[in-house]
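Subject: The structure I promised you

Hi,

Here is the structure we talked about.

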Amino acid sequence: MGYPNPTVVQVNCGIINAMGLPNPGIAEYASEISFTKTVITVPLIVSVYGYSAEEYAEVAKTAAKAGADAVELNVSCPHVKETGSEIGQNPKLLTQVVREVKAATSKPVIVKLSPNVTDIVELARAATKAGADALTAVNTVRAIAIDAETALPVLSNTRGGLSGPAIKPIALRAVYDIYEQVDTSIFGCGGITTWQDAVEFLLAGASAVQIGTAIATRNPTVFKAVNRGVTAYLKKKKFRSVKEIVGQAHRS
Amino acid sequence: MRTTHIESVKTENPTTKTYTFTDKQCAKAKPGQFLMLWIPTIDEIPLSIMNTEDNTVSVTVKALGDATRHLHQMKKSDIVGVRGPFGNSFTETNGKVLLVGGGTGTAPLLYLAKQLAVTTKRLSFIMGAKTRKELLFLNQLEPLCTEPPTSTTEDGTYGLKCLATQPLEQLLAEKGKTKIDVVYACGPERMIREVFNLTEKYHVHMEASLERLMRCGIGLCGSCVIGKYRVCKDGPVFNSAQLREVKDELGISKLGFDGNRIPV
């Protein structure tokens, strides 16, 4: 399922990727999920992708059965052939997928939203109404890299998704908008590299954050560093829990 | 992605060529590090760095798959893309060392030997290849070593008719003043596994440069994992302690193009 290289290109303040979701499929991943559950003490959320509502439900069901504590529906991957960004851009399709998955599993269902839409709140509302237990905002922003010397697009898939610090303000705005208008829990995601970034997302309305690109630009230790920084911030500001600062930026 | 023009192409043997191009960042690479080379419209592949000089960097490539065959068609002044240098490097030492190179795995070891020749008391080299024509860099290695390099070929057309690991055992068995302190290896993974087994048997420390399918090269995508390590970021050079941790996979299995587990 993966694309040939180049699948990743480093640009100013971020990276553009078009991996094409290279993975052996849920049948093989099920054993990896079961094994992972035996070695970790934190909840395991499995990212789920499918080419139809039925397929999403099937994959989610298998993942939950294998031990996933929750599933996150990737309805927004902007670079997968055929479906492209369609499900995450279409409130009707999104509703159908979420309903189907909710019927297939009792585990929490999270929907990862695409920023490549006119009004992300509309999609957030549709997903929530269909039964999504939480939302993730946002997936990568559609992008392209062109090399001047060869006059060619660099990625083998031509277009890809931009992640990293370049998209942080966009993601932050998405979280802020959704928090303001939809009653749900939000995972903030997009360019988080430092504890300050994480705090900003919490203040905008996220209850938790996700980190991806910073694994490359920093290290896997970035998670510990961000956690430590957030804890110190809460202590300094005399908050007892992260919960107390979620959405704080909306008070004015 | 930085693009640059191929400055020179040198034919090393009928299947292998060395490409040199200007790239200031990769010219600072240490032995063991690698770069990602973009062959426009075809592919982007990881390649060990074989040499650096002033602002240039060289890689040695055997024509094996689609990407490397296309690269072999490319000539001086053609355009390639470069990312890197990536990964860690071999640890330098001043003791008695033995380098074991299999096929094009000799390329990064030649670069390493140039540095080690300055500091080490003993520098031995075993170079293994399928056949005489595929032996690499013997003329360049000879003046760097403190004893004549040992060559092995599988078909016996040059040097010893055996695998590179056979003379290795004899050298590792040496005791006293000449005892080897560190073994550095690069080549086919089954050879590396055998080198690892022998160094464990004789209690000699080793470092090996591993190869895996690589996509991002920056520790994100997970295509190149072995055990808990990412070859592109935590490697490509791993020491004895780390190799022990991944011995269930070393020389046995790896992840394929779709993330499925396949034999090495």
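Let's start where the two chains meet: 22 residues from chain B and 22 residues from chain A make up the contact. On the chain B side, strand 4 (43-53) and strand 6 (79-86) are the elements that give two or more residues. If you sort that side of chain B by class, you get ten nonpolar, seven polar and five charged residues. Please keep in mind that this is a predicted model.

Now stay with chain B for a moment. It is divided into domain 1 (2-85) and domain 2 (96-263). The centres of domain 1 and domain 2 of chain B, taken over C-alpha atoms, are 21 Å apart. Between them, 18 residues of domain 1 of chain B are in contact with 16 residues of domain 2 of chain B. Which strands supply at least two residues each to the domain 1 side? They are strand 1 (2-13), strand 3 (34-39), strand 4, strand 5 (56-62) and strand 6 of chain B. Strand 4 of chain B gives the largest share of that side, with five residues. By class, the domain 1 side that touches domain 2 has seven nonpolar, eight polar and three charged residues. Strand 8 (residues 122-129) and strand 9 (residues 150-153) of chain B pair in the parallel sense over four bridges, and B:Met127 stands opposite B:Ser151 in strand 9. Strand 9 of chain B is also joined to strand 10 (residues 160-161) of chain B by two bridges, and these two strands run parallel. There, B:Thr152 has B:Leu160 in strand 10 of chain B as its bridge partner.

Over in chain A, have a look at an open sheet. Four strands form it in the order 1-2-10-7, and the pairing is antiparallel. Why is one side of strand 1 (8-11) and of strand 7 (141-144) of chain A left without a neighbour in the sheet? These two strands stand at the edges and have a single partner strand each, so there is no neighbour on one side. On average, neighbouring strands of this sheet are turned by 40° against each other, direction ignored. For one pairing inside the sheet, take strand 2 (residues 14-17) and strand 10 (residues 159-163) of chain A, which pair in the antiparallel sense over three bridges. A:Ile16 stands opposite A:Leu162 in strand 10 of chain A.

Next, the inside. In soluble globular proteins, nonpolar side chains tend to be buried together. The largest nonpolar core here has 152 residues, and the members that touch the most others are A:Val71, A:Ala137, A:Val175, B:Leu35 and B:Val195. Helix 2 (residues 53-66) of chain A provides the largest share of this core, eight residues. Leaving aside neighbours within four places in sequence, its contacts include A:Ile45, A:Val46, A:Val48, A:Ala60, A:Ala63 and A:Ala64. A:Val101, A:Thr105, A:Lys107, A:Val109 and A:Ile110 are also among the contacts of A:Val71.

Another cis peptide bond joins B:Gly84 and B:Pro85, with omega about 0°. B:Pro85 lies in strand 6 of chain B.

Then there are two threonines with a positive phi. A:Thr158 has a phi of about 65° although it is not a glycine, and you will find A:Thr158 in the loop between strand 9 (152-153) and strand 10 of chain A. For B:Thr41, phi is near 70°, and B:Thr41 lies in the loop between strand 3 and strand 4 of chain B.

Last stop: A:Phe223, in helix 9 (residues 222-236) of chain A. With 13 C-beta neighbours inside 10 Å, A:Phe223 is partly exposed. A:Phe223 and A:Gly212 are eleven residues apart in sequence, and 9.9 Å apart in space from C-alpha to C-alpha.

Cheers

Methods:
Residues numbered from 1 in each chain as written. Chains lettered and ligands numbered in written order. Predicted model: local features only at pLDDT ≥ 70, side-chain atom pairs only at ≥ 80, totals over all residues. Contact = placed C-beta atoms within 7 Å. Nonpolar A, V, L, I, M, F, W, Y, C, P; charged D, E, K, R; others polar. Pairing = 2+ DSSP bridges. Axes fitted to C-alpha atoms, helices over the stretch in contact; angles between N-to-C directions. Core = buried A, V, L, I, M, F, W, Y, C linked by C-beta atoms within 7 Å. Buried ≥ 20, exposed ≤ 12 C-beta atoms within 10 Å, placed from the backbone. Domains from an automatic or database assignment.
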